[in-house]
Amino acid sequence: MTDLESAERGVAEMLGRRDDRWYPRFHIAARAGWINDPNGLCHFNGRYHVYFQHNPYGPDWGTMHWGHVSSADLVTWRREPIAMAPELEAERDGVFSGSAVVLPDAQGTPTLAVLYTGHRWLDDGSGRARQVQCLATSTDGVAFTKHGIVIDCPEGITDFRDPKIWCTDGCWYMVVGAQTPDRRGEVWLYSCETSTVEGFTGWRFQQVLHRDPEHGVFMAECPDFFPLTAPDGRRRWVLTYCAMGARAGEDSSSADRTNLARYVVGDWAPGRPFTDVTAPRPCDQGPSYYASQSMETPDGRRLAIGWMSAVGGVDGPPEPPQAADGWCGQLTVPRELSLGDGDTLLVVPARELVGLRTRTRDLGRITLAPWQVRRLDEDVEAAEIELGIDPGSSLTLAVGLTGDGRAARIGYDSGTGRVSLELGEGFLRWAPVRPERAEQPVGAAGSAGTVNLRVLVDRGSVEVFADGRVISSTVFPSAGPRAIKLGCGPAPASLSCRIHRPASIWETPDR
Ligand code: FRU
């Protein structure tokens, strides 16, 4: 049996026992087993391809493979065979994260070139690893040929991973995360001048593109670097990466450290340094957004997908509630990125996602008297809820509300102009590495306009989109029917509301 066949068998064995109480209906997850980072996002041979870090042998982080799904329209997805298993000595302990681009081979055949990190624990008992950048190619996106190491691990470095490639002015570039010997997290830039996939082996170090300014940040995982046009028409460059060891709170003296997905906006051109015009900012205000990767769509939009980690970006075994479920980890919905005023990264669900809507209930205008609670639905596991909140109205939307009073609560406070997602005790949580409440401002307090919220509720996650900002979290509702309720405080509130039931994203059911 090949390594890939054995991996498929591992998934098939777990699939039979999969518990679907939190298994997503419209988010990408493995059929069974663990997943983390999205990898190799691309549009190739008329389809979108999403690969992902995958342990096909257990519901926890383990020897990494590349799982694979594809879609013609970002709405309906097809399960594809596992794309890569560790086979070479250099990747003995894992085929880690990486990216994909399309370029011709010497015969002119469009070829998918994948650069990824080969991971191997050192045999010296130090617990350290050797990480190298490797090349694999494919002509159909399904079966890959490996070509081995193209960038060896620099002397004195052990953490060196997650290459992201793109092309600017006919030259190929790559950002990769590195930890310096003095334990600082950096993003390094490499380049390669070639017009065919055969030349994709000649990578040269260019410069340290960015060092995270925080001293405690010891590694920059999963960097990505892409241009976006600001509202004033200026082309800026956006660097995203995951800062390991970042301070958890806004309070810079906070002792809590965690791993945060960040972005920095600045200016860059080939041969020039990256000069930032913003400080690092969170990509998402919630506790479950990590290792995102972006791609350009055929019509020129910038899409990103992240990993909704249940453990705040910290790899580890599933907590007891999910350990027996046979799966763990899911990706966010595809999101469209743009730049707003003040070089703010704006995030909305990809426009294609309206294609998932079924059984739309338009509740029209709703008026709530002070302290009134209104039940909108009795039992909904997956929903897209659109709220248009009138100026001056404050309210709370409870989703996944079970008989024991547990729920995820989305609030809008017109006094402060902030949207919040509160998990409270309501949902079984993983390691409490992050605050249980996440907030974001959505325009000026007491703002004159309608506040539009789009809340994507799946069986095991909530994503709240408001005013170009997003709060994401995995959630683990209790057993029983999951109601949706609207409530308001001492002042009356009014709004409009529509509830859609997203279709399943899978072309064929798993079982
Ligand atoms: C981020 C990460 C990457 C690595 C991969 C391994 O979550 O740690 O840096 O390539 O996951 O699964």
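Let me start with Cys167, which is partly exposed at a relative accessible area of 41%; here buried means under 20% relative accessible area, exposed means over 50%, and partly exposed lies in between, computed with a 1.4 Å probe on protein chains only. Please keep in mind that this is a predicted model, in which local features need pLDDT of at least 70 and side-chain atom pairs count only at pLDDT 80 or more, while totals for chains, interfaces and linings use all residues. Residues are numbered from 1 along each chain as its sequence is written, and side-chain values use heavy atoms, with hydrogens and water left out.

How far is the sulfur of Cys167 from the closest cysteine sulfur? That distance is 7.2 Å, to Cys171, and this is too far for a bond, given that a disulfide is defined as a pair of cysteine sulfur atoms within 2.5 Å. Cys42 is buried, with a relative accessible area of 5%.

Now to the sheet. Strands here are DSSP runs of E with at least two residues, numbered from the N terminus, and two strands pair if DSSP finds at least two bridges between them. Four strands form an open sheet in the order S9-S10-S11-S12, with antiparallel pairing. Its edge strands are S9, residues 160-168, and S12, each of which pairs on one side only. From one strand to the next the twist averages 25°, where axes are lines fitted to C-alpha atoms and angles run from 0 to 180 degrees between N-to-C directions.

Going across the sheet, S9 and S10 pair in the antiparallel sense over seven bridges, and in this pairing Cys167 stands opposite Trp172 in S10. Strand S10, residues 171-179, is joined to S11 by eight bridges, again antiparallel, with Ala178 opposite Glu186 in S11. These two strands form a hairpin with five residues between them, and Arg183 in the turn has a positive phi of about 60°.

Finally, why is S11 described as largely enclosed by the rest of the structure? Eight of the eight residues in this strand, residues 185-192, are buried, and therefore the description applies. Gly185, Val187, Leu189 and Ser191 point one way, Glu186, Trp188, Tyr190 and Cys192 point the other way, and all are buried.
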